[in-house]
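Morning, everyone. I'll keep this brief. Please look at the sequence and the structure first, and then we'll go through them together.

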Amino acid sequence: MLPVAFQKAIAPSEPMSWGEAMIVSGAALAAALPVLAGLYLVKSALGINLMDGPSPLHDLLYSLVL
């Protein structure tokens with residue numbers, strides 16, 4: 001079902017169902033979390049502070065990095 005959902009998302013020949021849309025959005029979320037954690041790790045290693053104090057995502061992302 002995942003390949004069909006991706007095919008409908010990339011080159012739609014017919015409308016997606018709600019289930020297929022949820023599958024694609026879940027896959028996008030699963031792919032985005034490690035990327036976001038990696039970018040956070042690079043930002044932290046370079047010593048880049050975007051705001052005063054800890055980042056709002058610090059508690060979530062720090063646990064993913066360790």
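Is Lys8 buried or exposed? At 11% relative accessibility, Lys8 counts as buried. The cut-offs: buried means under 20% relative accessible area, exposed means over 50%, and partly exposed is in between, with a 1.4 Å probe and protein chains only.

A word on the source. This is a predicted model, where local features need pLDDT of at least 70 and side-chain atom pairs count only at pLDDT 80 or more, while totals for chains, interfaces and linings use all residues. Residues are numbered from 1 along each chain as its sequence is written, and side-chain values use heavy atoms, with hydrogens and water left out.

Back to Lys8. This residue is found in helix 1. Its side chain makes a polar contact with the side chain of Glu14, at 3.0 Å. By polar contact I mean a pair of N or O atoms within 3.5 Å; within protein, one must be able to donate a hydrogen and the other to accept it, and residues adjacent in sequence count only if both atoms are side-chain atoms. Set aside the neighbours within four places in sequence, and Lys8 is in contact with Glu14, Pro15, Met16 and Glu20. Contact here means heavy atoms within 4.5 Å.

Now the helices. The chain has 3 helices and 0 strands. Along the sequence the pattern reads α-α-α. Helices (H or I, at least four residues) and strands (E, at least two) are DSSP runs, numbered from the N terminus.

How do helix 1 and helix 2 pack? Helix 1 covers residues 2-10 and helix 2 covers residues 18-46; they pack at an angle of about 90°, with axes 9 Å apart. Axes are lines fitted to C-alpha atoms, for helices over the stretch in contact, and angles run from 0 to 180 degrees between N-to-C directions. The two helices are therefore roughly perpendicular to each other. The scale is this: under 35 degrees is roughly parallel, over 145 roughly antiparallel, 65 to 115 roughly perpendicular, and the rest oblique.

Who makes that contact? From helix 1, Leu2, Val4, Ala5, Phe6, Lys8 and Ala9; from helix 2, Glu20, Ile23, Val24 and Ala27. Those residues divide into 8 nonpolar, no polar and 2 charged. Ala, Val, Leu, Ile, Met, Phe, Trp, Tyr, Cys and Pro count as nonpolar, Asp, Glu, Lys and Arg as charged, and the others, Gly among them, as polar.

Next, the loop between helix 2 and helix 3. Gly47 lies in it. Gly47 is exposed, with a relative accessible area of 52%. Gly47 and Gly19 are 28 residues apart in sequence, and their C-alpha atoms are 42 Å apart in space.

At 27% relative accessibility, Ser55 counts as partly exposed. Leu57 is also in the loop, and is partly exposed at 40%. Not counting residues up to four places away in sequence, Leu57 touches Leu36 and Tyr62.

Last, the whole chain. The C-alpha trace spans about 50 × 20 × 20 Å along its principal axes. Of the 66 residues, 12% count as buried.
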